[in-house]
Amino acid sequence: MTPSSGSSPEMDETLRFLRMRDPLQLDDGTVDRLLDGMPVDDAPPSYRGVVELLSTLKAAPSAAELDGERQAVTTITSRSHETARPSPPSRRSSVKRRLQLTGAAIVGTATLFVGLGAAGALPGAAQGVASDVLSTVGVSTPSPNSHAGVHPDTRGRSGDASDAPSSDTAATDAGASSGQGATISGLATDNSTTGIDKGAAVSSEASNGRSQAGQHGDATAPDTATPDAANPPVATPNPGGTTTADTASGGSSDTGTNTADTASGGHADAGSGNASNGLANRP
Amino acid sequence: MSDRQFADTLAGVQDGEEAAVSVLWRALQPSLLRFLRTRHAPQDVDDVASEVWLRVSRSWHRFHGDELDFRAWFFSIARSVSVDAYRRSGRRREVLVDDIEPRISERRAAAESGALESLGTARAAALLATLPREQGEAIALRVIAGLDAERVAAIMGKRPGTVRVLQHRGLRKLAELLERERTRPEDVTR
(Lines give C-alpha, C1' and ligand atoms only; values in the text may rest on other atoms or scores of the structure.)
Protein backbone atom coordinates (compact mmCIF):
# COMPACT_ATOMS: atom_id res chain seq x y z
CA MET A 1 0.00 0.00 0.00
CA THR A 2 1.34 3.40 -0.87
CA PRO A 3 0.42 6.96 -0.03
CA SER A 4 -1.09 7.29 -3.46
CA SER A 5 -3.37 4.30 -3.08
CA GLY A 6 -6.01 6.23 -1.20
CA SER A 7 -5.20 4.93 2.27
CA SER A 8 -5.87 6.89 5.43
CA PRO A 9 -3.49 9.64 6.60
CA GLU A 10 -2.55 7.49 9.60
CA MET A 11 -1.45 4.66 7.37
CA ASP A 12 0.45 7.03 5.13
CA GLU A 13 2.23 8.30 8.16
CA THR A 14 3.07 4.76 9.22
CA LEU A 15 4.53 4.01 5.78
CA ARG A 16 6.57 7.18 5.83
CA PHE A 17 7.87 6.17 9.24
CA LEU A 18 8.79 2.71 7.99
CA ARG A 19 10.56 4.15 4.97
CA MET A 20 12.52 6.43 7.18
CA ARG A 21 13.77 3.37 9.01
CA ASP A 22 14.17 1.31 5.80
CA PRO A 23 14.00 3.39 2.64
CA LEU A 24 13.87 0.25 0.51
CA GLN A 25 10.76 -1.10 2.23
CA LEU A 26 8.18 -2.24 -0.36
CA ASP A 27 4.67 -3.62 -0.14
CA ASP A 28 3.26 -6.13 -2.64
CA GLY A 29 1.12 -3.56 -4.41
CA THR A 30 4.11 -1.32 -5.04
CA VAL A 31 6.12 -4.27 -6.29
CA ASP A 32 3.44 -5.04 -8.85
CA ARG A 33 3.18 -1.42 -9.94
CA LEU A 34 6.94 -1.14 -10.29
CA LEU A 35 7.01 -4.23 -12.46
CA ASP A 36 4.02 -3.13 -14.53
CA GLY A 37 5.63 0.25 -15.09
CA MET A 38 4.68 3.19 -12.92
CA PRO A 39 5.44 6.89 -13.40
CA VAL A 40 8.78 7.87 -11.91
CA ASP A 41 7.18 10.55 -9.76
CA ASP A 42 4.83 8.03 -8.17
CA ALA A 43 7.62 5.65 -7.23
CA PRO A 44 9.22 5.62 -3.79
CA PRO A 45 12.30 7.84 -3.93
CA SER A 46 14.68 4.94 -3.47
CA TYR A 47 13.14 3.13 -6.45
CA ARG A 48 13.11 5.89 -9.04
CA GLY A 49 16.29 4.58 -10.59
CA VAL A 50 14.72 1.12 -10.70
CA VAL A 51 11.68 2.52 -12.47
CA GLU A 52 13.98 4.11 -15.05
CA LEU A 53 15.87 0.88 -15.53
CA LEU A 54 12.71 -1.19 -15.95
CA SER A 55 11.19 1.28 -18.38
CA THR A 56 14.38 1.12 -20.41
CA LEU A 57 13.98 -2.64 -20.65
CA LYS A 58 10.45 -2.05 -21.98
CA ALA A 59 11.43 0.68 -24.39
CA ALA A 60 10.57 0.57 -28.07
CA PRO A 61 12.94 -1.51 -30.17
CA SER A 62 16.07 0.17 -31.39
CA ALA A 63 17.24 -0.09 -34.99
CA ALA A 64 20.13 -2.27 -33.89
CA GLU A 65 17.76 -4.78 -32.33
CA LEU A 66 15.88 -5.15 -35.60
CA ASP A 67 19.02 -5.45 -37.65
CA GLY A 68 19.18 -8.45 -39.94
CA GLU A 69 15.43 -8.91 -40.11
CA ARG A 70 15.37 -9.83 -43.80
CA GLN A 71 17.92 -12.59 -43.49
CA ALA A 72 16.54 -13.90 -40.22
CA VAL A 73 12.99 -14.13 -41.52
CA THR A 74 14.09 -15.87 -44.73
CA THR A 75 16.12 -18.40 -42.79
CA ILE A 76 13.38 -19.07 -40.25
CA THR A 77 10.72 -19.45 -42.94
CA SER A 78 12.79 -21.81 -45.05
CA ARG A 79 13.77 -23.91 -42.05
CA SER A 80 10.17 -24.11 -40.90
CA HIS A 81 9.25 -25.38 -44.38
CA GLU A 82 11.86 -28.10 -44.08
CA THR A 83 10.19 -29.51 -41.03
CA ALA A 84 7.05 -31.40 -41.77
CA ARG A 85 4.18 -29.02 -41.43
CA PRO A 86 1.02 -31.03 -41.67
CA SER A 87 -2.04 -28.99 -40.87
CA PRO A 88 -3.21 -29.79 -37.37
CA PRO A 89 -5.54 -32.77 -37.57
CA SER A 90 -9.12 -31.93 -36.88
CA ARG A 91 -11.08 -33.93 -34.36
CA ARG A 92 -13.19 -35.40 -37.13
CA SER A 93 -10.24 -36.61 -39.17
CA SER A 94 -8.68 -37.99 -36.01
CA VAL A 95 -11.76 -40.12 -35.37
CA LYS A 96 -11.80 -41.21 -39.00
CA ARG A 97 -8.17 -42.21 -38.81
CA ARG A 98 -8.84 -44.20 -35.65
CA LEU A 99 -11.72 -46.03 -37.36
CA GLN A 100 -9.51 -46.82 -40.34
CA LEU A 101 -6.84 -48.26 -38.09
CA THR A 102 -9.39 -50.34 -36.19
CA GLY A 103 -10.88 -51.66 -39.45
CA ALA A 104 -7.45 -52.56 -40.78
CA ALA A 105 -6.65 -54.37 -37.56
CA ILE A 106 -9.89 -56.38 -37.73
CA VAL A 107 -9.37 -57.32 -41.39
CA GLY A 108 -5.79 -58.30 -40.67
CA THR A 109 -6.76 -60.48 -37.75
CA ALA A 110 -9.55 -62.17 -39.71
CA THR A 111 -7.22 -62.86 -42.64
CA LEU A 112 -4.65 -64.36 -40.33
CA PHE A 113 -7.30 -66.51 -38.63
CA VAL A 114 -8.69 -67.82 -41.92
CA GLY A 115 -5.22 -68.43 -43.30
CA LEU A 116 -4.04 -70.36 -40.30
CA GLY A 117 -7.37 -72.19 -40.15
CA ALA A 118 -7.10 -73.26 -43.80
CA ALA A 119 -3.58 -74.47 -43.13
CA GLY A 120 -4.69 -76.35 -40.04
CA ALA A 121 -2.16 -74.47 -37.98
CA LEU A 122 -4.47 -73.19 -35.28
CA PRO A 123 -4.66 -74.71 -31.80
CA GLY A 124 -7.29 -77.42 -31.41
CA ALA A 125 -10.31 -75.47 -30.23
CA ALA A 126 -9.61 -72.53 -32.54
CA GLN A 127 -9.05 -74.91 -35.44
CA GLY A 128 -12.44 -76.47 -34.71
CA VAL A 129 -14.13 -73.08 -34.84
CA ALA A 130 -12.26 -72.15 -38.00
CA SER A 131 -13.18 -75.46 -39.59
CA ASP A 132 -16.85 -75.01 -38.74
CA VAL A 133 -16.93 -71.42 -39.99
CA LEU A 134 -15.10 -72.14 -43.20
CA SER A 135 -17.16 -75.22 -43.91
CA THR A 136 -20.27 -73.03 -44.00
CA VAL A 137 -18.81 -71.18 -46.96
CA GLY A 138 -17.71 -74.36 -48.65
CA VAL A 139 -14.06 -74.26 -47.71
CA SER A 140 -12.69 -77.59 -46.59
CA THR A 141 -10.18 -77.30 -43.81
CA PRO A 142 -8.49 -79.88 -41.61
CA SER A 143 -10.40 -80.69 -38.46
CA PRO A 144 -8.60 -80.31 -35.18
CA ASN A 145 -8.54 -84.15 -34.88
CA SER A 146 -7.01 -84.89 -38.25
CA HIS A 147 -3.59 -85.29 -36.73
CA ALA A 148 -4.77 -86.68 -33.44
CA GLY A 149 -4.72 -90.39 -34.38
CA VAL A 150 -6.43 -92.38 -31.68
CA HIS A 151 -6.11 -89.68 -29.13
CA PRO A 152 -9.37 -88.42 -27.75
CA ASP A 153 -10.85 -85.54 -29.63
CA THR A 154 -12.91 -84.28 -26.78
CA ARG A 155 -11.65 -83.06 -23.52
CA GLY A 156 -12.50 -85.18 -20.51
CA ARG A 157 -13.54 -88.22 -22.53
CA SER A 158 -10.47 -90.38 -22.50
CA GLY A 159 -12.59 -93.40 -21.65
CA ASP A 160 -14.04 -93.19 -25.13
CA ALA A 161 -10.67 -93.50 -26.74
CA SER A 162 -11.59 -96.84 -28.29
CA ASP A 163 -14.38 -95.08 -30.16
CA ALA A 164 -11.87 -93.03 -32.06
CA PRO A 165 -11.72 -93.68 -35.77
CA SER A 166 -9.22 -96.46 -36.47
CA SER A 167 -7.75 -96.38 -39.85
CA ASP A 168 -4.17 -97.29 -39.11
CA THR A 169 -2.15 -99.74 -37.14
CA ALA A 170 -2.23 -97.70 -34.02
CA ALA A 171 -5.96 -97.65 -34.19
CA THR A 172 -6.03 -101.42 -34.51
CA ASP A 173 -3.76 -101.77 -31.55
CA ALA A 174 -6.00 -99.45 -29.68
CA GLY A 175 -8.98 -101.64 -30.44
CA ALA A 176 -7.09 -104.71 -29.31
CA SER A 177 -6.11 -103.06 -26.12
CA SER A 178 -9.67 -102.28 -25.22
CA GLY A 179 -10.23 -103.61 -21.73
CA GLN A 180 -6.55 -104.22 -21.20
CA GLY A 181 -6.54 -101.74 -18.36
CA ALA A 182 -9.19 -103.69 -16.54
CA THR A 183 -7.24 -106.95 -17.01
CA ILE A 184 -4.06 -105.39 -15.71
CA SER A 185 -5.94 -103.92 -12.81
CA GLY A 186 -7.34 -107.39 -12.03
CA LEU A 187 -3.89 -108.96 -12.13
CA ALA A 188 -2.51 -106.27 -9.90
CA THR A 189 -5.18 -106.75 -7.28
CA ASP A 190 -5.22 -110.54 -7.50
CA ASN A 191 -4.06 -111.95 -4.21
CA SER A 192 -3.25 -115.36 -5.65
CA THR A 193 0.08 -114.12 -6.90
CA THR A 194 2.72 -112.13 -5.16
CA GLY A 195 6.18 -110.79 -5.72
CA ILE A 196 8.00 -111.73 -8.86
CA ASP A 197 5.12 -113.76 -10.21
CA LYS A 198 2.65 -110.89 -9.89
CA GLY A 199 5.07 -108.43 -11.42
CA ALA A 200 5.79 -110.80 -14.30
CA ALA A 201 2.09 -111.34 -14.94
CA VAL A 202 1.29 -107.62 -14.95
CA SER A 203 4.31 -106.75 -17.06
CA SER A 204 3.60 -109.48 -19.54
CA GLU A 205 -0.04 -108.42 -19.91
CA ALA A 206 0.84 -104.76 -20.28
CA SER A 207 3.43 -105.49 -22.96
CA ASN A 208 1.36 -108.09 -24.79
CA GLY A 209 3.83 -110.84 -23.84
CA ARG A 210 6.95 -108.92 -24.86
CA SER A 211 8.17 -108.38 -21.35
CA GLN A 212 10.58 -110.94 -19.84
CA ALA A 213 10.27 -109.58 -16.38
CA GLY A 214 10.52 -112.27 -13.69
CA GLN A 215 11.69 -114.98 -16.06
CA HIS A 216 15.25 -114.85 -14.82
CA GLY A 217 14.57 -115.44 -11.23
CA ASP A 218 14.64 -113.38 -8.15
CA ALA A 219 16.97 -110.47 -8.35
CA THR A 220 17.48 -110.73 -4.62
CA ALA A 221 18.43 -114.45 -4.68
CA PRO A 222 22.12 -115.43 -4.95
CA ASP A 223 23.27 -115.93 -8.50
CA THR A 224 24.67 -119.44 -8.88
CA ALA A 225 26.61 -118.42 -11.93
CA THR A 226 28.49 -115.92 -9.92
CA PRO A 227 31.58 -117.29 -8.18
CA ASP A 228 31.00 -117.74 -4.51
CA ALA A 229 33.79 -115.97 -2.73
CA ALA A 230 33.22 -118.09 0.35
CA ASN A 231 33.67 -121.37 -1.57
CA PRO A 232 36.29 -120.86 -4.27
CA PRO A 233 36.77 -123.76 -6.71
CA VAL A 234 40.47 -123.87 -5.94
CA ALA A 235 42.43 -123.32 -2.80
CA THR A 236 43.79 -119.86 -2.33
CA PRO A 237 46.40 -118.67 -2.47
CA ASN A 238 47.46 -120.74 -5.42
CA PRO A 239 50.43 -120.61 -7.83
CA GLY A 240 48.18 -119.72 -10.76
CA GLY A 241 48.96 -120.96 -14.23
CA THR A 242 47.60 -123.84 -16.21
CA THR A 243 46.89 -126.23 -13.41
CA THR A 244 45.05 -123.71 -11.38
CA ALA A 245 43.09 -122.55 -14.36
CA ASP A 246 42.19 -126.07 -15.27
CA THR A 247 41.08 -126.81 -11.75
CA ALA A 248 39.06 -123.62 -11.49
CA SER A 249 37.40 -124.18 -14.81
CA GLY A 250 36.77 -127.84 -14.33
CA GLY A 251 39.30 -128.76 -17.00
CA SER A 252 37.86 -126.37 -19.51
CA SER A 253 40.77 -124.03 -19.70
CA ASP A 254 42.58 -124.06 -22.98
CA THR A 255 45.10 -121.52 -21.94
CA GLY A 256 48.38 -121.84 -20.33
CA THR A 257 51.56 -123.77 -20.97
CA ASN A 258 50.10 -126.69 -22.83
CA THR A 259 48.25 -124.59 -25.29
CA ALA A 260 51.22 -122.38 -25.85
CA ASP A 261 53.49 -125.33 -26.23
CA THR A 262 51.20 -127.01 -28.70
CA ALA A 263 50.82 -123.84 -30.73
CA SER A 264 54.52 -123.18 -30.82
CA GLY A 265 55.67 -126.69 -31.39
CA GLY A 266 57.26 -126.80 -27.98
CA HIS A 267 59.03 -123.50 -28.32
CA ALA A 268 56.76 -121.37 -26.13
CA ASP A 269 58.07 -119.80 -23.03
CA ALA A 270 54.65 -118.61 -21.93
CA GLY A 271 52.83 -119.96 -18.97
CA SER A 272 53.77 -120.87 -15.52
CA GLY A 273 54.65 -124.36 -16.62
CA ASN A 274 57.63 -123.06 -18.51
CA ALA A 275 58.58 -120.59 -15.89
CA SER A 276 60.81 -123.03 -14.07
CA ASN A 277 62.36 -124.11 -17.33
CA GLY A 278 62.90 -120.49 -18.23
CA LEU A 279 64.47 -119.75 -14.97
CA ALA A 280 66.56 -122.89 -15.21
CA ASN A 281 67.74 -121.95 -18.64
CA ARG A 282 68.88 -118.54 -17.52
CA PRO A 283 72.59 -118.12 -17.24
CA MET B 1 -1.48 -6.48 -31.45
CA SER B 2 -5.18 -7.19 -31.14
CA ASP B 3 -6.49 -10.70 -30.75
CA ARG B 4 -7.68 -10.66 -34.35
CA GLN B 5 -4.36 -9.40 -35.64
CA PHE B 6 -2.49 -12.00 -33.68
CA ALA B 7 -4.76 -14.79 -34.93
CA ASP B 8 -4.18 -13.70 -38.54
CA THR B 9 -0.43 -13.44 -37.96
CA LEU B 10 -0.26 -16.85 -36.36
CA ALA B 11 -2.25 -18.40 -39.22
CA GLY B 12 0.12 -16.83 -41.71
CA VAL B 13 3.14 -18.00 -39.78
CA GLN B 14 1.78 -21.52 -39.64
CA ASP B 15 1.20 -21.40 -43.39
CA GLY B 16 4.79 -20.34 -43.90
CA GLU B 17 4.12 -16.79 -45.10
CA GLU B 18 7.25 -14.67 -44.82
CA ALA B 19 5.27 -11.49 -44.18
CA ALA B 20 3.61 -13.03 -41.14
CA VAL B 21 6.90 -14.40 -39.89
CA SER B 22 8.34 -10.92 -40.25
CA VAL B 23 5.57 -9.39 -38.13
CA LEU B 24 6.13 -11.98 -35.43
CA TRP B 25 9.91 -11.52 -35.56
CA ARG B 26 9.65 -7.74 -35.15
CA ALA B 27 7.27 -8.18 -32.23
CA LEU B 28 9.46 -10.61 -30.32
CA GLN B 29 13.07 -10.24 -31.40
CA PRO B 30 13.87 -7.09 -29.33
CA SER B 31 12.42 -8.65 -26.19
CA LEU B 32 14.27 -11.86 -26.89
CA LEU B 33 17.59 -10.06 -27.24
CA ARG B 34 17.04 -8.13 -24.02
CA PHE B 35 16.06 -11.27 -22.18
CA LEU B 36 19.14 -13.11 -23.42
CA ARG B 37 21.40 -10.18 -22.54
CA THR B 38 20.48 -10.73 -18.92
CA ARG B 39 21.78 -14.28 -19.20
CA HIS B 40 24.60 -14.48 -21.72
CA ALA B 41 27.75 -12.71 -22.72
CA PRO B 42 27.10 -10.14 -25.48
CA GLN B 43 29.03 -12.14 -28.08
CA ASP B 44 26.79 -15.20 -27.50
CA VAL B 45 23.41 -13.48 -27.59
CA ASP B 46 22.85 -13.51 -31.37
CA ASP B 47 23.67 -17.19 -31.70
CA VAL B 48 21.35 -18.16 -28.87
CA ALA B 49 18.59 -15.99 -30.32
CA SER B 50 18.91 -17.71 -33.70
CA GLU B 51 18.67 -21.09 -32.03
CA VAL B 52 15.53 -19.97 -30.20
CA TRP B 53 13.84 -18.95 -33.46
CA LEU B 54 14.76 -22.17 -35.18
CA ARG B 55 13.43 -24.24 -32.33
CA VAL B 56 10.23 -22.19 -32.15
CA SER B 57 9.71 -22.46 -35.92
CA ARG B 58 9.92 -26.24 -35.73
CA SER B 59 6.91 -26.36 -33.44
CA TRP B 60 4.77 -23.32 -34.09
CA HIS B 61 2.46 -25.15 -36.48
CA ARG B 62 1.21 -27.07 -33.44
CA PHE B 63 0.60 -23.99 -31.30
CA HIS B 64 -2.93 -23.00 -30.25
CA GLY B 65 -3.69 -20.00 -28.09
CA ASP B 66 -3.70 -16.24 -27.86
CA GLU B 67 -0.85 -13.79 -27.97
CA LEU B 68 -0.06 -13.97 -24.27
CA ASP B 69 0.01 -17.75 -24.45
CA PHE B 70 2.32 -17.51 -27.43
CA ARG B 71 4.67 -15.15 -25.61
CA ALA B 72 4.76 -17.50 -22.63
CA TRP B 73 5.45 -20.47 -24.91
CA PHE B 74 8.06 -18.50 -26.86
CA PHE B 75 9.96 -17.44 -23.75
CA SER B 76 9.75 -20.88 -22.17
CA ILE B 77 11.59 -22.14 -25.26
CA ALA B 78 13.98 -19.19 -25.05
CA ARG B 79 14.76 -20.03 -21.44
CA SER B 80 15.26 -23.69 -22.32
CA VAL B 81 17.61 -22.86 -25.20
CA SER B 82 19.45 -20.43 -22.95
CA VAL B 83 19.93 -23.09 -20.29
CA ASP B 84 21.22 -25.53 -22.92
CA ALA B 85 23.62 -22.93 -24.29
CA TYR B 86 24.80 -22.08 -20.82
CA ARG B 87 25.48 -25.73 -20.07
CA ARG B 88 27.38 -26.11 -23.33
CA SER B 89 29.53 -23.09 -22.71
CA GLY B 90 29.83 -23.72 -18.98
CA ARG B 91 29.52 -20.10 -18.09
CA ARG B 92 26.90 -17.56 -17.23
CA ARG B 93 26.90 -14.08 -18.60
CA GLU B 94 30.25 -12.51 -17.98
CA VAL B 95 29.31 -9.18 -16.55
CA LEU B 96 31.83 -6.70 -17.72
CA VAL B 97 32.41 -3.55 -15.76
CA ASP B 98 32.11 -1.54 -18.94
CA ASP B 99 28.68 -3.02 -19.51
CA ILE B 100 27.22 -1.82 -16.27
CA GLU B 101 29.12 1.30 -15.49
CA PRO B 102 28.38 4.39 -17.51
CA ARG B 103 31.18 6.72 -18.15
CA ILE B 104 31.77 9.16 -15.34
CA SER B 105 30.25 12.09 -17.17
CA GLU B 106 27.15 10.08 -18.01
CA ARG B 107 26.84 8.85 -14.45
CA ARG B 108 27.19 12.33 -13.09
CA ALA B 109 24.55 13.59 -15.48
CA ALA B 110 22.24 10.77 -14.50
CA ALA B 111 22.77 11.47 -10.84
CA GLU B 112 22.14 15.16 -11.27
CA SER B 113 18.95 14.66 -13.22
CA GLY B 114 17.69 12.05 -10.80
CA ALA B 115 17.11 9.66 -13.64
CA LEU B 116 19.26 7.45 -15.74
CA GLU B 117 18.38 8.71 -19.18
CA SER B 118 21.63 7.50 -20.56
CA LEU B 119 20.93 4.00 -19.48
CA GLY B 120 20.67 1.97 -22.63
CA THR B 121 18.82 -1.30 -22.87
CA ALA B 122 22.06 -3.23 -23.07
CA ARG B 123 23.35 -1.70 -19.88
CA ALA B 124 20.00 -2.16 -18.16
CA ALA B 125 20.07 -5.81 -19.09
CA ALA B 126 23.63 -6.02 -17.82
CA LEU B 127 22.54 -4.56 -14.49
CA LEU B 128 19.75 -7.09 -14.25
CA ALA B 129 22.33 -9.80 -14.92
CA THR B 130 24.14 -8.89 -11.73
CA LEU B 131 21.22 -10.14 -9.65
CA PRO B 132 21.08 -13.70 -8.35
CA ARG B 133 19.96 -15.84 -11.30
CA GLU B 134 16.38 -16.57 -10.18
CA GLN B 135 15.71 -13.00 -9.09
CA GLY B 136 16.94 -11.64 -12.42
CA GLU B 137 14.96 -14.27 -14.34
CA ALA B 138 11.74 -13.56 -12.44
CA ILE B 139 12.03 -9.83 -13.17
CA ALA B 140 13.11 -10.29 -16.80
CA LEU B 141 10.22 -12.59 -17.65
CA ARG B 142 7.78 -10.19 -16.05
CA VAL B 143 9.18 -6.93 -17.41
CA ILE B 144 10.85 -7.88 -20.70
CA ALA B 145 8.62 -10.75 -21.78
CA GLY B 146 5.52 -9.06 -20.36
CA LEU B 147 4.21 -12.12 -18.54
CA ASP B 148 2.16 -12.20 -15.36
CA ALA B 149 3.36 -13.89 -12.19
CA GLU B 150 1.41 -17.08 -12.90
CA ARG B 151 2.96 -17.57 -16.34
CA VAL B 152 6.41 -16.68 -15.03
CA ALA B 153 5.92 -19.23 -12.28
CA ALA B 154 4.92 -21.87 -14.81
CA ILE B 155 8.03 -21.21 -16.90
CA MET B 156 10.33 -21.26 -13.89
CA GLY B 157 8.66 -24.27 -12.34
CA LYS B 158 7.82 -22.39 -9.15
CA ARG B 159 4.78 -21.19 -7.27
CA PRO B 160 3.46 -17.70 -8.10
CA GLY B 161 4.08 -16.67 -4.49
CA THR B 162 7.71 -17.72 -4.74
CA VAL B 163 8.07 -15.74 -7.95
CA ARG B 164 6.66 -12.63 -6.26
CA VAL B 165 9.17 -12.98 -3.44
CA LEU B 166 12.00 -13.33 -5.96
CA GLN B 167 10.81 -10.24 -7.79
CA HIS B 168 10.52 -8.27 -4.57
CA ARG B 169 14.06 -9.17 -3.50
CA GLY B 170 15.39 -8.50 -6.97
CA LEU B 171 13.90 -5.00 -7.07
CA ARG B 172 15.36 -4.24 -3.69
CA LYS B 173 18.80 -5.38 -4.78
CA LEU B 174 18.53 -3.28 -7.93
CA ALA B 175 17.69 -0.24 -5.86
CA GLU B 176 20.71 -0.88 -3.64
CA LEU B 177 22.94 -1.32 -6.67
CA LEU B 178 21.77 1.89 -8.30
CA GLU B 179 22.13 3.77 -5.06
CA ARG B 180 25.73 2.60 -4.75
CA GLU B 181 26.31 3.60 -8.37
CA ARG B 182 24.94 7.07 -7.70
CA THR B 183 26.96 7.73 -4.58
CA ARG B 184 30.22 6.05 -5.53
CA PRO B 185 33.18 8.49 -5.66
CA GLU B 186 34.57 9.09 -9.16
CA ASP B 187 38.08 7.98 -8.27
CA VAL B 188 36.86 4.49 -7.45
CA THR B 189 35.78 3.85 -11.01
CA ARG B 190 38.76 5.40 -12.68
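Read along the sequence, chain B runs α-α-α-α-α-α-α-α-α-α-α. That is eleven helices and zero strands. Keep in mind that this is a predicted model.

Start with the fold of chain B. It has 190 residues, and 42% of them are buried. Now take the contacts between residues at least 6 apart in sequence. Of those in chain B, 64% join residues at least 24 apart.

One helix to look at is H8 of chain B, residues 133-143. It is mostly covered, with nine of its eleven residues buried. Which ones are buried in H8(B)? The list is B:Gln135, B:Gly136, B:Glu137, B:Ala138, B:Ile139, B:Ala140, B:Leu141, B:Arg142 and B:Val143.

Next, confidence. Chain B has a mean pLDDT of 84, and 81% of its residues reach 70 or more. Among the elements of chain B, helix H9, residues 149-156, has the highest mean, 96. Helix H5, residues 97-100, has the lowest, 44. Around there, residues 94-108 of chain B have pLDDT below 50. That stretch still has 22 contacts in the model beyond near neighbours in sequence. Residues 110-118 of chain B also stay under 50. For those, the model has 16 contacts beyond four places in sequence.

For the complex, the predictor gives an ipTM of 0.80 and a pTM of 0.51.

Now the interface. In the model, 37 residues of chain B are in contact with 35 residues of chain A. Which elements of chain B give two or more residues to that side? They are H2 (18-37), H3 (42-59), H7 (121-128), H8 and H10 of chain B. H10(B) gives the largest share, ten residues. By type, the side of chain B that touches chain A divides into 18 nonpolar, nine polar and ten charged residues.

Helix H2 of chain A, residues 28-36, packs with helix H10 of chain B, residues 160-183. The angle is about 75°, and the axes are 10 Å apart. Angles of 65 to 115 degrees count as roughly perpendicular. H2(A) and H10(B) are therefore roughly perpendicular to each other.

Who makes the contact between H2(A) and H10(B)? From H2(A), we have A:Asp28, A:Val31, A:Leu34 and A:Leu35. From H10(B), we have B:Arg164, B:Gln167, B:His168 and B:Leu171. Those residues divide into four nonpolar, two polar and two charged.

Definitions and conventions. Residues numbered from 1 in each chain as written. Chains lettered and ligands numbered in written order. Predicted model: local features only at pLDDT ≥ 70, side-chain atom pairs only at ≥ 80, totals over all residues. Axes fitted to C-alpha atoms, helices over the stretch in contact; angles between N-to-C directions. Helix = DSSP H or I, 4+ residues; strand = E, 2+ residues; numbered from the N terminus. Parallel < 35°, antiparallel > 145°, perpendicular 65-115°, else oblique. Contact = placed C-beta atoms within 7 Å. Nonpolar A, V, L, I, M, F, W, Y, C, P; charged D, E, K, R; others polar. Buried ≥ 20, exposed ≤ 12 C-beta atoms within 10 Å, placed from the backbone. pLDDT = per-residue confidence, 0-100.
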